[in-house]
Amino acid sequence: METLESELTCPICLELFEDPLLLPCAHSLCFNCAHRILVSHCSTSKPLESISAFQCPTCRYVITLNHRGLEGLKRNVTLQNIIDRFQKASLSGPNSPTESRRLQPQRPYTATISGTIAGTIGSGGGTSGGSARSSPATSSHSHSHANHTNHANHTNANHSPAVVAKMDPRISCQFCEQEPPREAVKTCVTCEVSYCDRCLRATHPNKKPFTSHRLVEPVPDTHIRGLTCLEHENEKVNMYCLVDDQLICALCKLVGRHREHQVSSLTERFDKLKAYQVSPGRVSDAVMEASKTSAAQTLENNLTNLVKRNSELENQMAKLIQICQQVEVNTAMHEAKLVEECDELVEIIRQRKQVIAVKIKESKVMKLRKLAQQIANCRQCLERSSALITQAEQSLKENDHARFLQTARNVAERVAMATASSQVLIPDVNLNEAFDNFALDFSREKKILEGLDYLTAPNPPSIRDELCTASHDTITVHWTSEDEFSVTSYELQYTIYTGQTNFISLYNSADSWMIVPNIKQNHYTVHGLQSGTRYIFFVKAINQAGSRNSEPARLKTNSQPFKLDPKTAHKKLRLSNDCLTMEKDESSLKKSHTPERFSGTGSYGAAGNVFIDSGCHYWEVLLGASTWYAIGVAYKSAPKNEWSGKNSSSWVFSRCNNNFMVRHDGKEMLVEASLQLRRLGVLLDYDNNSLSFYDAMNSQHIHSFEISFLLPVVPTFMIWNKSVMILSGLPVPDFVDGVASDLQEQQQHQMGLCRQESPYLTGMKTCH
C-alpha cells in the first residue's frame, strides 16, 4: 500500500492526485498544481493567458499548451479511478497503513519538520517513497492535542479559574451558526475546518468526494494550516533546502532561487536532526551517536556548550538574586540609618529651640522687671509732684494775708527746689524694647541642611610640584584639595622610583611603599631619604566614605654634598678654609704622610670626603684658568701615587693644554670639548652604572662611561696648574635629565658594538 501510495502522489503538493492531468511525457500532475506553475511565471508584462509552455516537474520535459491552455490537456481518468479506490480501501479499517498512520499520535507541526517531498527532487529525479506522504496537519493533531490537554491540567492545578478559562484548549466548531458554537469533534485536513458532530454529518456525507477527506482529532487552526512560505504567499512549506538551511515550498524548488539546490523532505530532515536532540542529562550518551557524522558532532558540542552556559546562567542568576536580596537588606538598613540621623537632627534642633526660647523668656522677665520698677518710680514721683502742685494752688487761693504769708514762703521754696532738681525727681526711664543680643541668623545652617546628602569620597588631591622642595636627605611635599572641608586626614605614600612606567602595578606592590598616615595639613616633610634618589609620591585624601589617590609625582633628593678631604690632598696642594677650592702651590710642603694622601710625583690630587654607593649625584667644578686637570671618580683602593685613570679603579675626564680626553685603566681616548670650558658638570648615576661629563655652561654632553660598579666610589680631583673650585649637593639640571635618558636608551641598543670597539670603555659616546 505504501508503494502504491507513493505512485499516486503528486510531485508538487505531495498529496494524492486531485483531478490529474496526463502530460505528453506520460507523467501526471494535479490540475491545481499545474495552474500554480503557470501563475508563478506570470508578471505585469506577461499575463497568464500568454503562457504557452511549462516544464514537467518530474522529467523537465517542455509541455506546449494550445489556445485552451490547461483545458487542452487530457484528464487522467484511469489514475483518478485508482485513487478513488485506494482512498476507499484506506478508510475501510483502522488497520490500514494510511489510517494507522493517521490515528497515531504525531509530533506538533510547530516543533517538527513534517510534510515531505522526495529526496530525489533535488537531483531532478522522480518522487520518493512513502515516507514523503505524511501531511503536516495530519501528523500534528494528536500530539498537539495531548500537549494542550496536559497543559490545561497543569493550569488547573496552579492558576485561578479566570486564568484557566483564558487558557482553555477547547476547540469550537467553525461551521456552527449558533452562539456559542458547539465543541468540535473532528477536524477535516482537506477542508482545513473543525466540525462538531452535527455539522460533520451535514457537510461530510459518506459519498464522493467527501470519502477522500482526511478527518483527524480536533486541532487548532494554526496547526492545521501549517507554516507558509516567506517568498510565495499562501504556499505551505513542504521541503527543506540543505544548501540554504531553510524551509521552502514547491514553487521555490521549481521556479525560485532554490531551483538548483539540493533539498530534503521535511520528515527525513526531521528524523535526522531529532535523532541527535538529547536532553541535558543525556549529553554524554549522545556523544557516541553524534560522532558518526561531523554535523552530529557539531550539534553535540553545541549542546554541551549550551548546557554549560545554562549552568553558568543559573549560577549567575542565583548570585543576582542573592545580590537583590542583599540590596533589599542594605536599603532597609540605610533607610533606617537615614531616619535615625534625621531624627537626631530634629531632636538637636528641638533642644536648641527650647534653650533659645528659655533665654528669650529670661530676658523678657528681666526687662519687664526693670520696666515695672521704673514705672513704680515714675508713679511715686508723679504723686509727689501732684501733691506739691495741689498745695501750691491752695496757697495761691488763700485770701488771708497772714496765712498766705505764713505758707507762701515754704511752698515757694519747695516748688523752686522741685523745679531745680527736676532731673533728680524724674526717674531715668529706659524703654529699650529691642532684643539686640538675640539676633537669629540660621542662613548658614539652612544652606548646610539643604545640601544634606550622603557623604562621598573626596576628590583626588593634587601634588604641587612647583611648591615641593628637597635637600640631599629630605623632600617636602605640598598638595591641594578641592574638598578640603570634607577631608578627615591625608595619607602620604612613597617609594624609590625604579624606572617602572606602569604606576598601577608599582602601586600594587605594597611591600616597597612607606606610608605616613593621619596628616592634617596640606604638606609634609619626609626625612632620612637617600641622596640623589628619585622617589614616587602619592597623596590619599580620606574621609568616612572612602579615599582617593592623587596622580603620582616624581620628586628627587639633591646630590650628596661633600668637600675636599684635607687628609687626601697632595702636599703641594693648598685647600681653602671651607675645603671647596684647591690650588697648586709648590711651597705648601707642611703635610704629614698618610695612606690616604696622594703622594706620587706629579699626582697632585685630592678626594672628596664621601663614598657614594647609591643614587644619582651631580656636582660641578669651576675650572677657572686651569688648563691641566683630571676630574672623575675612583674606588678607595685606587693607587694614590699615580695619575687617576692610569689604573682599573678610576675613571676621569682630563685636559692637557688643548687636548681633551677620557682615561681608564691606562687607556686614553680623545674627545671633543670647547677650549672655553669653564664649568664642568659631573653626573654619577650609581644605580644605573653611569658616569657622565657635561659642559654645564653650554648645556652640552661631552662623554659617558658605562661602569659596573662593584664598590663605593669617591670623587677625585687632580690639577697641575692654577686652581679649581667644587660646587656639590646640586639638583640635577633639566638638560642633564634629558640627555641621560637618551643616553640610557642608546646604550641599551649599542652596548655590544661599543664593547667590541673598546675593551675597557663600554657604551662610550662622544657629543659634538
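Start with Tyr195, which is buried at a relative accessible area of 5% (buried is under 20%, exposed over 50%, partly exposed in between, with a 1.4 Å probe and protein chains only). This is a predicted model, where local features need pLDDT of at least 70, side-chain atom pairs count only at 80 or more, and totals for chains, interfaces and linings use all residues. Residues are numbered from 1 along each chain as its sequence is written, and side-chain values use heavy atoms, with hydrogens and water left out.

The ring centres of Phe175 and Tyr195 lie 5.9 Å apart with planes at 55°, so the pair is tilted (rings of Phe, Tyr and Trp, using its six-membered ring, pair if their centres lie within 6.5 Å; planes under 30 degrees apart are stacked, over 60 edge-to-face, the rest tilted).

Next, select Trp513 and Phe538, another tilted pair, at 5.3 Å centre to centre and 55° between planes. Trp513 is buried at 7% relative accessibility, and Phe538 is buried with a relative accessible area of 7%.

Across the whole structure, a search turns up 18 aromatic pairs.

Last stop: Lys584 and Tyr604. Which part of Lys584 sits over the ring of Tyr604? Its charged end does, 4.3 Å from the ring centre (the test is NZ of Lys or CZ of Arg within 6 Å of the ring centre and within 35 degrees of the ring normal).
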